[in-house]
Amino acid sequence: MSDRGDRVARDHTVEIPYRFEATVGAGVVTDDYAHLAPGEGSGVVVRVAGRVMRSRPQGKVAFAELRDWTGAVQLFALGQRTENFDAFVRISLGDWIGAVGEVVRTKRGELSVLVERWVALADARRGFGDKWRGVNDVEIRHRQREVDLWANEGAREVFIARTKIVASLRRTLDARNYLEVETPILQPLAGGANARPFSTHYNALHADFFLRIAPELYLKRLVIGGLERVYEIGKDFRNEGLSPRHNPEFTMLEAYQAYADYLDMAELVESLVHDAAIAVHGSTVISFGGRSLDLTPPWRRATMTELIEEVTGVTVALGMDREEVAGIATTLGVEVAVGESTGKIIYEIYEKTTEAQLWGPVHVTGYPIEVSPLTRVHRDHPELVERITPVITGREIAEVYSELVDPDEQRRRFMEQARAREAGDEEAMAVDEDFLRALEHGMPPTGGIGLGVDRLTMILTDTANIREVLFFPALRPLGIHHESDGSGADPNGGSDRED
RNA sequence: GCGCUCCUAGCUCAAUUGGCAGAGCAACGGACUCUUAAUCCGCAGGUUCUGGGUUCAAGUCCCAGGGGGCGCACCA
């Protein structure tokens, strides 16, 4: 760890300044002075700051690459001109420095800052991996993202894209007069989805609480309260397994619009994805996994029976005899549980055989009522609900509903969930009396969406693993210290932190 | 939780179907007045994830544990 010996910053520890004013970004310099000819000086003195990621001392001249978050520029030091040149030569890869000098182009054609003065800003005691190949070890990249961000060219791009996407989502909704709101993350009942929650304890109330699995029920209460268009972007938490598409905490966008139905909301999803694609790529035709992907609205709409037939060649229909559909499911290798309705079996077939094969954007409809306890019955098919799942690259990226607004029907659905829960389904919903009381005040027809922000980011950044779009994905903790090991590893710190 | 698979120097990777644990980069010491993954000389660096076992001999084979990846299950 201390194998790097005496470094520049350590030589000048007492002189590390409290601030350094950079007048221009490193990448901006290379853009703004691209016109300089080899050997030409600009006459302009700039101040730049960043990390030294390459160093090429060469006797009485020295070169270094200074990188900041705008890009990189070469520093050019001369023994006869640069202050403290001997120390400049000893700068270690990864050290932060600030430099002042004229923008020039070297005789060999590299745009540079000809360093007059410079100051050490931080010392890098640890390296940043192979300077050419970076760090490939995904465990290091995820556990020590700060290393990944420096070691791997382009590692920041996906996160910058993510920020643009989230900003675009807000812009699109704000332009439609939606109100952004925040609702509780700590909830006495974890409702709004079928999932196992993380639980915690509220000492002051002597009550167990749960981290939300969805904000849905609270947002609907705001619609009942007269906030006709609301949305929330935030973390949901689900106590479930990890996978390339699942992290226990993930970012969800939920939006609700009074007087709208699921078709209106499907159009909203198309607009959100369209605008985000434009924000990141300037186009709705992008590439994913080496394959072209056209996100241009409007998207195709299809029922799951249609899609099953396209993918498997097998015909199933709601009107068919249950035993016949069950037999087809078994033939396709899909298990059928006793008591499952025809619609539920078709849904199972779709999930197991078809969904992952769908590439282009498609709005999938035809969801059976029993898998959608918060959704309004389909206006033409009483065994279905008005629900659309937009699927892109085989992944569900959103859910779209005509929301269930009838308090009596909602209570019946909750009771069905409660029965399932008693039968052992740990993910079935609990009866939420606060929500039911709210519905009894009258909820207008309302459309709702839930959109997975991480998954949208994956699609728009050509990323196959959700961990790549999260700065700090969930990982098993390492090196857990037990009490009194004397190393000061107590994460709660000393007694001075207690108040 | 189950299955498969991976773990070698700080990083990136080698090591002949079990036979002396290596290279490049980084680090460290030095040379060099226009480098571009600079070059050159020198030097150091290892409980091969951990613990057992088989064997004359284990990075390599077996067992257990830890961590990662993928798949299944659950889900978005």
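## The surface near RNA strand B

In this predicted model, the residues of the surface near RNA strand B split into 22 charged, 20 polar and 15 nonpolar.

For the complex, the predictor gives an ipTM of 0.91 and a pTM of 0.91. Chain A has a mean pLDDT of 90, with 93% of its residues at 70 or more. Within chain A, confidence is highest in strand 6 (residues 179–180), at 98, and lowest in helix 1 (residues 8–11), at a mean of 46.

Two stretches deserve a look if you plan to work with the coordinates. Residues 5–10 have a pLDDT below 50, and the model gives this stretch 17 contacts beyond near neighbours in sequence. Residues 481–499 are also below 50, and here the model has 3 contacts beyond near neighbours in sequence.

An open sheet is built from 3 strands in the order 7-9-8, with antiparallel pairing. Strand 7 (186–187) and strand 8 (199–202) each have a single partner strand, so they stand at the edges and one side of each is left without a neighbour in the sheet.

Strand 7 is joined to strand 9 (residues 207–211) by 2 bridges, and Gln 187 stands opposite Phe 210 of strand 9. On the other pairing, strand 8 and strand 9 run antiparallel over 4 bridges, with His 201 partnered by Asp 208 in strand 9.

## Backbone details to check

The hairpin of strand 8 and strand 9 has 4 residues between the strands. His 206 lies in that loop and has a phi near 50°, a positive value in a residue other than glycine. Is His 206 buried or exposed? His 206 is exposed, because 7 other C-beta atoms lie within 10 Å, and 12 or fewer is the cut-off for that class.

Asp 462 also has a positive phi, of about 55°, although it is not a glycine. Asp 462 sits in the segment after helix 14 (453–460) and counts as partly exposed, with 17 C-beta neighbours inside 10 Å.

Finally, the peptide bond from Pro 297 to Pro 298 is cis, with omega near -5°. Pro 298 is found in the loop between strand 13 (291–294) and strand 14 (300–303).

Conventions
Residues numbered from 1 in each chain as written. Chains lettered and ligands numbered in written order. Predicted model: local features only at pLDDT ≥ 70, side-chain atom pairs only at ≥ 80, totals over all residues. Nonpolar A, V, L, I, M, F, W, Y, C, P; charged D, E, K, R; others polar. Pairing = 2+ DSSP bridges. pLDDT = per-residue confidence, 0-100. Contact = placed C-beta atoms within 7 Å. Buried ≥ 20, exposed ≤ 12 C-beta atoms within 10 Å, placed from the backbone.
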